[in-house]
Amino acid sequence: MDQRTLKVLEYHKIIDMLVDKCLSPLGKEMARALRPSSSIMDIRLMQEETKEAEAIIAQSERAIMDTFSDVSNHIRRARVGAMLSPGEILDIGKLLKTSGRVRCAILEFEEILEILPNMVAEISINKWLSDEIDRCIEYDGSIKDRASTTLDRIRRRIRRAHDNIRDRLDNIIKSPKHQKHLQEGIVTIRNDRYVIPVRQESRGSIPGLIHDQSSSGATLFIEPMSVVEANNEIRELIIEENKEIERILQDLTDKITSVSEEILSNMSILTRLDFILAKGKLSLMQRAVCPEILDGDILDIKYGRHPLIPDDEVVPISVELGIDFNSLVITGPNTGGKTVTLKTIGLFVLMAQSGLHLPAGPGTKMGVFTSVYADIGDEQSIEQNLSTFSSHMVNIVKILDRAKPGDLTLFDELGAGTDPTEGAALAMSILSYLNMHDIKVVATTHYSELKTFAMTEENMENASMEFDIETLSPTFKLLIGMPGKSNAFEISQRLGLSDHFISEAKKYLTQEDIHFEDVMQSIERDRLLAEEVRQNIKKEQDEIKRLREELDRAKNELKGQKSDIIKRAKDEARKIIESSKEEADSIIRKLNSLSAKSFDRQSRREAEEARRGLKERLDSFYEDLGDKSGVSVSADILPKDLKLGDTIYIENLNQKGQVLSLPDEDGQLQVQVGIMKVSAHISNVRKAIDTEDDKPTRYKPSAKNISVKDRKVRTEIDLRGRSAEEAILEVEKFLDDSLLLGLGEVTIIHGKGTGVLRNRVQEHLRNHPHIKSFRLGKFGEGESGVTVVNLK
């Protein structure tokens with residue numbers, strides 16, 4: 001890509017913004033080296049990387065990336081046998097920990113993203129080495145006591161020796177015999193040895209070694225002979241300590257060397273990720289979109305905003321090139337936005353081909369240009385004795401020599417700076433050449449000749465920057481297909497120039513000029529009228545949309561109110577029925593008890609008929625309430641000729657089960673209901689009709705035939721805050737209820753925490769006979785804070 005073009009389009013300012021978003025020095029270096037690509041495959045890959053980074057940042061609650069150091073020099077020194085310092089080892093440890101955190105954070109998105117999860121999957125964790133570094137070195141670079149048992153033993157001996165010396169010296173300074181010889185009653189250190197301050201005149205009163213004296217000479221710092229050996233012992237222990245520290249550092253260095261390739265690979269991946277995430281941050285900051293990358297030298301920008309102009313000042317533009325036309329000539333007043341439009345187009349091409357998102361609207365499409373050339377700004381050169389026109393022409397000559405099909409050329413005020421007639425002719429010649437060779441071009445101009453030229457030439461189009469005559473100010477809006485009008489007479493008249501001068505000036509215009517301006521004025525009036533009509537239609541459409549939304553909202557509210565009223569009525573009726581049912585069940589149980597003891601056959605038959613009638617009425621109530629999905633059970637089928645394994649219905653439990661034992665002499669039999677074994681009286685059971693070809697299946701009760709308690713069983717249970725014993729009891733009860741309901745999958749919420757509660761629950765599930773399988777939650781389900789259980 002042409003370096004001069006990068007400069008005039010201010011591409012470096014975009015790069016500076018990207019560099020600021022990087023966290024690591026290596027990431028910043030990569031950002032500074034970013035340049036536009038001309039490979040469509042590379043561009044699409046870079047755009048997709050930025051899109052994934054934006055998605056991860058937007059959905060993450062905390063920062064994904066952390067800063068890290070360049071450890072390549074550390075690795076190089078370790079490989080040649082040098083011992084790494086604690087600071088260098090800590091740099092490598094931080095890199096390893098950052099690698100692990102980034103890998104885990106991005107792999108959470110592997111089900112919805114592809115490129116970045118695949119990239120971090122190549123990261124080597126090496127947690128053992130990270131843990132070893134943490135075990136041995138403090139964050140400030142000091143070596144921990146527990147780095148080795150030898151170091152711990154040496155340091156304990158050093159501490160005991162220090163304590164011994166201080167005790168001895170304390171005895172000396174507190175002794176009445178020696179106090180009169182001391183300058184102060186303190187213990188201090190000189191040359192790494194414990195000493196006490198002794199008066200100059202009492203130097204012979206306390207035998208010992210002199211290590212220092214005060215600046216006045218009145219005080220001598222003496223090491224008493226009684227602690228010389230202890231001080232010597234400390235020095236020897238410190239030497240041993242340093243040797244052990246060197247051994248520990250060398251051991252860590254050797255371990256780092258063994259995985260040096262993996263560490264360098266991790267650093268390379270993190271650098272790339274830091275750079276990609278910076279692109280995502282920049283995209284979010286600019287409220288940018290991912291453009292569709294097309295094959296070909298075309299562009300279609302929707303509401304593009306120049307990224308270097310503040311949001312409250314920038315005016316979006318929409319422009320296309322290479323679709324219906326290859327050359328665009330933009331006219332308009334000075335400071336009307338022509339140059340900004342030119343720079344926006346060029347900068348968008350450079351950003352898109354660098355893998356950066358564009359501050360534009362949805363639907364923006366960008367092709368791939370081999371090179372971009374721009375001649376923008378005042379190029380007057382005093383050093384080379386060149387005028388503005390000459391400087392521009394030198395650059396234009398270079399562009400014409402280099403440009404080829406597939407390139408984009410941008411010219412600001414083409415042909416300006418010389419005689420208008422000759423300048424316009426040169427501009428038309430250059431535009432004709434570029435158009436003929438299929439080289440895309442966008443040019444700004446003041447020359448009216450170029451407006452006519454663009455109208456008559458094939459594959460050329462006019463555009464203009466809108467100007468408000470009423471306020472005498474530009475609106476900065478780009479109008480495609482509309483050549484700009486000079487508005488010189490109108491502006492002069494509004495500024496107070498006499499009508500006489502305006503009339504005289506018009507006499508010097510040719511009839512062709514007057515006719516052209518009249519046509520432009522007529523087109524402008526029609527355009528403004530059409531724009532007004534379009535705005536009115538849009539307002540009406542927005543109002544219709546608003547009214548329709550209000551109507552839909554009112555209908556939904558009314559429907560919701562209706563449903564709520566019906567639901568409340570049904571709930572109230574259901575409560576009444578349940579209350580009646582409980583009372584009836586109590587009466588039935590009493591009848592059963594009496595019938596088994598003292599009722600004759602006729603009385604039992606009448607009681608049975610009453611019970612059957614009561615059940616039918618309850619079923620009828622449920623059907624009226626919309627509970628249509630009951631268990632197919634016939635109360636008319638008496639349990640005659642029961643066999644082991646038969647499916648029966650237990651009325652007072654509203655449950656189905658399988659016969660485990662035949663009735664005894666008291667009429668009692670054992671029935672398997674779900675995971676429970678229950679006893680039932682023969683008078684309280686009926687044969688059940690299996691609805692699936694009489695095949696024995698696990699009973700799945702519905703709203704009609706389960707108890708009120710069962711109706712409230714949920715598909716999840718929250719154990720947070722429970723002790724392990726409490727949690728296991730609640731889980732067992734919850735699983736029993738779930739099995740009775742026939743649920744296939746349930747969720748147990750135990751939280752993340754230390755993992756103790758999760759481990760106890762999963763250990764219990766592992767030995768449970770009715771558990772088919774279980775797993776931790778996925779992304780969006782609660783992850784490691786929940787366990788999802790599949791029931792048999």
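Contact here means heavy atoms within 4.5 Å. With that in hand, here are some notes on this predicted model.

1. **Thr364 and its surroundings.** Thr364 touches Pro291, Glu292, Asp300, Ile301, Lys302 and Leu358, leaving aside residues up to four places away in sequence. Thr364 belongs to the loop that runs between helix 13 (338–352) and strand 9 (365–366).

2. Have a look next at the open sheet of four strands, which has the order 1-2-4-3 and antiparallel pairing. Strand 1 (188–190) and strand 3 (208–213) stand at the edges; each has a single partner strand, so one side of each is left without a neighbour in the sheet. From one strand to the next, the twist averages 50 degrees.

3. **Strands 2 and 4.** Within that sheet, strand 2 (residues 193–199) and strand 4 (residues 219–224) run antiparallel and are joined by four bridges. If you want a pair to find on screen, Val198 stands opposite Leu220 in strand 4.

4. **Helices across the sheet.** Which helices lie across strand 2? One is helix 9 (residues 149–174), which lies across strand 2 and strand 4 and runs at about 10 degrees to strand 2. Another is helix 11 (residues 228–258), which lies across strand 2, strand 3 and strand 4, at about 145 degrees to strand 2.

5. **Helix 4 against helix 12.** Helix 4 (residues 40–59) packs with helix 12 (residues 260–285) at an angle of about 75 degrees, their axes 8 Å apart. Helix 4 is therefore roughly perpendicular to helix 12, since angles of 65 to 115 degrees count that way.

6. **Strand 13 and its partner.** How many of the nine residues of strand 13 (residues 460–468) are buried? Seven are, so strand 13 is largely enclosed by the rest of the structure. Strand 8 (residues 327–331) pairs with strand 13 in the parallel sense, over five bridges. Here the pair to look up is Ser327, which stands opposite Met460 in strand 13.

Terms used: Residues are numbered from 1 along each chain as its sequence is written. This is a predicted model: local features need pLDDT of at least 70, side-chain atom pairs count only at pLDDT 80 or more; totals for chains, interfaces and linings use all residues. Side-chain values use heavy atoms; hydrogens and water are left out. Helices (H or I, at least four residues) and strands (E, at least two) are DSSP runs, numbered from the N terminus. Two strands pair if DSSP finds at least two bridges between them. Axes are lines fitted to C-alpha atoms, for helices over the stretch in contact, and angles run from 0 to 180 degrees between N-to-C directions. Angles under 35 degrees count as roughly parallel, over 145 as roughly antiparallel, 65 to 115 as roughly perpendicular and the rest as oblique. Buried means under 20% relative accessible area, exposed over 50%, partly exposed in between (1.4 Å probe, protein chains only).
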